[in-house]
Amino acid sequence: MTTVTKGIDWETFSELRGSEKKEYLTREGNIFHVIMSQQFDRQFLDEICELATKIRGIAKGNKGLAFLQSLLEGKRAMLYFVQPSTRTFLSFMAACQILGIHCSEVRDMTTSSEMKGESPEDTVRTFSSYVDLVVMRHPQAGFAERIAFLLNQISRPVPIINAGSGKDQHPTQALLDIYTLHRSFENYGGIDGKKIAFVGDLLRGRTVRSLVYLLRNYEGVTLYFVAPSELQMGDDLKEYLREQKVPFEESNSLAEVVPLVDAIYMTRIQDEYDERGESKAIDYSAYHFKKEYLKVLPANAIIMHPLPRRAEIPVEIDADKRAIYWRQVRNGMWVRVTLIATIFQKAKDIREY
Ligand code: CP
């Protein structure tokens, strides 16, 4: 790609650090595209949490629901999800409905003219002719970023929201995870100073990557990466944490880490990214949350999971009040309402309601 946007060509843009890309993802100082966690600062995260709670309150009554539905009435969104999804797809659809936005969807490339040889870039540019917002999940890391760059050059750009890009990032999951942590710890000093463990396939888990990037915005957090050596956190993120002076420890013992932490973020093995079935050689059972761990997990700690789960959290754990992954699911809808309303500059109307 040789085109230029905001005075920068693609090659130069793609070499920038995440935080340096932020200005290309905004318009007139407001958030426009949502592509990567590095574009968010503490002020933005605090505002999203505050606004999400306000929206939940507004939505409790019919009058409030009607107000929310009036905010973006007449807008249209395309949900372009060509990688499987349950929660992210449905919560974005519900979020759009809550705000009065009509949705279209493409969930299978075989139903799109990509099968006739159209490039994915032309496909998304076509969507932008018909809608006011594109939410996209795509198997290719960096594709959402490339599309946002491309759309910045056209006369009627529309916001792009990255709803999961390969093994790379899932920034809206990270925002809902922050909101879940915020709500869980609002009576216990907030997220600052907390000890948070990430467990499982940390190498290929985009939810973990995006949340770790966001956590550098909080004071005094300590991270634990609990994984088999083949699936430990990537060097790029560890280097980032060293630069940001965020302390972290690596471990392969979940049993040793459970008693130490305020939050445990479990993940499934991401074997859809295997090249030769290599996950089968890994004993993932050592990274399952066993029922006996509930006895040593601190009383105010929480167990999170972006879902879907497999065997890494047995269903019997769900009954424990510290298991909050089903609350995460619900929080996802409210955070996505908040994010879309913020992109379309409706935050002030909501605060004043
Ligand atoms: N957490 C998450 O992204 O779930 P889905 O893959 O079901 O959207």
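Lysine 245 is exposed, with a relative accessible area of 71%. That value is over the 50% cut-off for exposed residues. The model is predicted. Lysine 245 sits in a loop. The backbone of lysine 245 has a positive phi of about 60°, although the residue is not a glycine.

## The whole chain

The protein chain contains 13 helices and 13 strands. Its radius of gyration is 20 Å, close to the 20 Å that the globule rule gives for 353 residues, so the chain is as compact as a globular protein of that length. The C-alpha trace spans about 55 × 50 × 40 Å along its principal axes.

How much of the chain is buried? Of the 353 residues, 58% count as buried. The chain exposes about 15400 Å². Carbon and sulfur atoms supply 48% of that area.

Contacts tell us about the fold too. Take the contacts between residues at least 6 apart in sequence. Of these, 75% join residues at least 24 apart.

## A cis bond and a buried leucine

Which peptide bond is cis? The bond from leucine 307 to proline 308 is cis, with omega near 5°. Proline 308 is found in the loop between β13 (302-304) and α12 (325-343). Leucine 307 lies in the loop between β13 and α12 as well.

Leucine 307 has a positive phi of about 60°, and it is not a glycine. Is leucine 307 buried or exposed? Its relative accessible area is 9%, so leucine 307 is buried. The cut-off for buried is under 20%.

## Charges and salt bridges

The protein chain has 46 positive side chains and 47 negative ones. The centres of the two sets lie 6 Å apart. Side chains of opposite charge can pair when their charged atoms come close. The count of salt bridges comes to 19.

One of these pairs is aspartate 192 with arginine 42. Their closest N and O atoms are 3.1 Å apart. This pair links distant parts of the chain, 150 residues apart. Aspartate 192 is in the loop between α8 (171-184) and β9 (195-199), while arginine 42 is in helix α3 (residues 42-58). Aspartate 192 is partly exposed, with a relative accessible area of 26%. Arginine 42 also counts as partly exposed, at 27%.

## Buried and exposed pairs

Where are the partners of a salt bridge buried? Aspartate 201 forms a salt bridge with arginine 204, and the closest N and O atoms are 3.0 Å apart. At 0% relative accessibility, aspartate 201 counts as buried. Arginine 204 is buried too, with a relative accessible area of 7%.

Another pair has exposed partners. Glutamate 275 forms a salt bridge with arginine 276, with the closest N and O atoms 3.6 Å apart. Glutamate 275 is exposed, and arginine 276 is exposed as well.

Some salt bridges share partners. Such bridges join Arg42, Asp46 and Asp192 into one network.

Conventions: Residues are numbered from 1 along each chain as its sequence is written. This is a predicted model: local features need pLDDT of at least 70, side-chain atom pairs count only at pLDDT 80 or more; totals for chains, interfaces and linings use all residues. Side-chain values use heavy atoms; hydrogens and water are left out. Helices (H or I, at least four residues) and strands (E, at least two) are DSSP runs, numbered from the N terminus. The radius of gyration is taken over C-alpha atoms; the globule rule is 2.2 Å times the number of residues to the power 0.38. Buried means under 20% relative accessible area, exposed over 50%, partly exposed in between (1.4 Å probe, protein chains only). Contact means heavy atoms within 4.5 Å. Accessible areas come from the Shrake-Rupley method with a 1.4 Å probe; for residues, only the protein chains shown count as cover. Lys and Arg count as positive and Asp and Glu as negative; His and the chain ends are not counted. The place of a charge is taken as NZ of Lys, CZ of Arg, CG of Asp or CD of Glu. A salt bridge is a side-chain nitrogen of Lys or Arg within 4 Å of a carboxyl oxygen of Asp or Glu.
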